[in-house]
Amino acid sequence: MPSNSTASAPQQGRDKLHLQLARLFRSKVSTGAWPVGSAIPTVQELEALHGVSRTTVRMALGALVAEGLLLTRKRGGTRVIAAPYKPPSFLLPTSWKELVAFGAHIGQITLHTGRDCLPPIPEGFPDVGRMAPAYVHLLRVYDHDAARFCLSQLYLEQELFPEIEAQLERSSLAVALSSDPSRIAVARQHLSVAPADELAAEHLGVALGTPLMQALRWACNADGLLIYWARVRFLSEYVHMEMDLLK
């Protein structure tokens, strides 16, 4: 007999959908599309507009009511009563030193650890060094005030993993690697905007195809061996970049 603690597949799908819809509604409030003090469309109108069930719309609106953004009254409809909390915007690291500092100040959760893996280097990507026989794969999410804003797929050269395994329980991979500066001779980063795939949509609570800031990072030792590869995706509202254009 199935356990009562496990949600059915339709229920799990509906739960994810209502979180995505709540995020969209929250964005409408924060951007002023739904101004504070205004009445929002009815449940029936939102149901038709977004092609979802009435239950899903009510669950999404209920999340914003619980956050104190909306107020619903019988026969009075639903009105916006406050703007959402604006998340902090972190400076996107553009050097290894900044990456280490960034990793020291954010919360992290390891979702999965696997061995005997190879990093999925994109076809046609620039040379990232000599591949090791195997890597340890870490799937991690990072949060701020309990809100997830970053998903990392990390690969560490497998023979190096035992040296920093204990540190990884409390710190980022960049912080752990930097405990011995001689480990890294080359470190690079490639930035782009990429659509959310199923993995990012699931763990960051966004819709498929949502534009995300993506950083591909890699580091090699003095022998040219690739010891670190990462695919890191951020919710765009949480990060920004600054550069000196005269350098």
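Which side chain meets that of E237 in a salt bridge? Read on through these close-ups of a predicted model, in which local features need pLDDT of at least 70, side-chain atom pairs count only at pLDDT 80 or more, and totals for chains, interfaces and linings use all residues. Residues are numbered from 1 along each chain as its sequence is written, and side-chain values use heavy atoms, with hydrogens and water left out.

**View 1. The salt bridge between E237 and R23.** The partner of E237 is R23, and their side chains meet at 2.6 Å, N to O. A salt bridge here is a side-chain nitrogen of Lys or Arg within 4 Å of a carboxyl oxygen of Asp or Glu. By this rule, the interface of domain 1 and domain 2 has 1 salt bridge.

View 2. The protein chain is divided into domain 1 (12-80) and domain 2 (90-240), with bounds that come from an automatic or database domain assignment. Their centres, taken over C-alpha atoms, are 34 Å apart. Domain 1 brings 4 residues to the contact and domain 2 brings 6, where contact means heavy atoms within 4.5 Å. About 400 Å² is buried between the two domains, and carbon and sulfur atoms give 45% of this; buried area is the accessible area (1.4 Å probe) that two parts lose on being put together, summed over both. Look for K16, Q20 and R23, which supply 94% of the area that domain 1 buries against domain 2.

**View 3. The largest pocket.** A pocket is an open set of points on a 1 Å grid over the protein atoms alone, with protein on both sides within 12 Å along at least five of seven lines; lining residues have an atom within 4 Å of a point. The largest pocket has a volume of about 1,000 Å³, meaning the space filled by probe spheres set on the points. Of its 32 lining residues, R23, R26, L235, E237 and Y238 are the closest to its centre. Helix 1 gives the largest share of the lining, 9 residues; helices (H or I, at least four residues) and strands (E, at least two) are DSSP runs, numbered from the N terminus.

**View 4. The largest cavity.** In a cavity, a 1.4 Å probe fits but cannot get out. The whole structure has 1 cavity of 30 Å³ or more. The largest cavity holds about 140 Å³ of space, and among its 15 lining residues L99, Y142, S152, S172 and R217 are the closest to its centre.
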